[in-house]
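Reader: I would like to learn how to read the spaces and the helix contacts in a model of this kind. Could you take me through them one at a time?

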Amino acid sequence: MDFLFNAVLNMFSSTALAVVAALLLDRWLGEPQSWHPLIWFGQWVDRCRLAWQLPIGASKSLQRLHGVLAWSIAVLPWLMVLTLLLWMLPNWLEWIAGTVLLYFTIGWQSLREHAIAIAEPLHEQDLPAARQAVGRIVSRDTSELNETQIAKASMESVLENGSDAIFAPIFWFVLLGPFGALLYRLSNTLDAMWGYKTPQLLHFGWCAARVDDVLNYVPARCVVLTYAVLGNVKRALYCAWHQGRGWKSPNAGPVMAAGAGALQVSLGGSAVYFGAIQVRPVLGEGPEPVVNDLDQAVRLVDKGVLLWALLIVLVM
């Protein structure tokens with residue numbers, strides 16, 4: 001088996017083969033419906049929070065320290081187990097394990113399915129069904145959204161999660177192998193669970209939020225370039241540079257602004273979150289989106305995935 005595997009590697013790199021195989025697995029199987037390793041990880045994270053989080057009245061520095069310790073206990077043991085496992089396996093089994101791990105860390109087909117579940121009722125003017133579908137992927141109030149607002153919320157989520165759920169795990173896999181992909185996915189999950197600026201999590205979740213920002217910084221800029229070259233290059237780069245930096249997230253802002261500029265629509269603006277109106281910067285340039293623009297956003301991400309896969313195969 002090692003001989004056959006090494007013969008294949010003479011034509012292609014193991015990393016390139018793993019990326020292509022994981023993407024094909026994701027499109028074929030999608031996200032596991034009945035179970036997923038991240039569900040187990042989420043339960044572990046909840047236990048870590050219960051064990052280490054201090055009351056709100058504790059000092060800022062002490063809460064942050066406990067957040068760092070909780071992050072370390074939540075993430076590092078899994079990275080050590082993975083490193084030991086890969087060290088013990090023969091080359092061909094190590095490749096299979098890495099491919100399967102990358103498959104579990106990306107969410108290309110899941111993102112497409114969520115977007116299509118919103119677009120289909122929008123095409124049929126079924127706003128209640130579209131509102132229910134968009135409510136599954138955004139944290140804002142969707143009960144009163146019109147077609148344009150639904151399309152806008154959906155496009156923002158598709159463009160941002162294209163970076164978080166697809167491109168960033170691939171970037172770290174290419175750079176650091178399975179270790180990098182797992183580090184990114186676990187850190188991103190912790191940010192999704194602890195990285196909120198609520199009184200309970202503002203300081204305890206500081207470490208989770210900052211680590212995620214650092215790990216997303218370079219991949220997000222690569223996604224900006226990806227969206228730009230696949231759309232209106234000039235508008236995408238201009239919007240990412242001049243508008244994205246004003247967004248609350250240093251990585252999501254440039255990515256969404258680049259996508260909006262590439263597709264020549266306007267995203268951002270005011271939205272209702274948890275019963276309160278948030279005034280957000282406008283991203284992009286052009287008319288407000290409709291359902292056809294949501295279709296275009298999905299195609300933009302799809303073309304980006306194919307471009308990355310092609311470049312990885314050719315370069316590596």
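Reader: How do the residues of the lining of the largest cavity divide by class?

Author: They divide into four nonpolar, four polar and two charged, where Ala, Val, Leu, Ile, Met, Phe, Trp, Tyr, Cys and Pro count as nonpolar, Asp, Glu, Lys and Arg as charged, and the others, Gly among them, as polar. This is a predicted model, in which local features need pLDDT of at least 70 and side-chain atom pairs pLDDT 80 or more, while totals for chains, interfaces and linings use all residues. Residues are numbered from 1 along each chain as its sequence is written, and side-chain values use heavy atoms, without hydrogens and water.

Reader: Which residues line the largest cavity?

Author: A cavity is a set of points on a 1 Å grid over the protein atoms alone where a 1.4 Å probe fits but cannot get out, a pocket is an open set with protein on both sides within 12 Å along at least five of seven lines, and lining residues have an atom within 4 Å of a point. Here the lining of the largest cavity includes Asp26, Glu31, His36, Tyr103, Phe104 and Ser110, and the space inside is about 50 Å³, a volume being the space filled by probe spheres set on the points, which are joined across faces, edges and corners.

Reader: How much space lies in the second largest pocket?

Author: That pocket holds about 500 Å³, and of its 20 lining residues, Pro37, Trp78, Leu101, Phe104 and Leu182 are the closest to its centre. By class, its lining has 16 nonpolar residues, three polar and one charged. Helix α5 (91–105) supplies at least two lining residues, as do α3 (37–52), α4 (60–88) and α8 (147–194), and the largest share, six residues, comes from α5; helices are DSSP runs (H or I, at least four residues), numbered from the N terminus.

Reader: At what angle do helix α6 and helix α12 pack?

Author: Two packed helices are described by the angle between their axes and the distance between the axes. Helix α6 (residues 108–123) packs against helix α12 (residues 291–315) at about 165°, with the axes 9 Å apart, which means that α6 is roughly antiparallel to α12 (over 145 degrees; under 35 is roughly parallel, 65 to 115 roughly perpendicular and the rest oblique). Axes are lines fitted to C-alpha atoms over the stretch in contact, with angles from 0 to 180 degrees between N-to-C directions.
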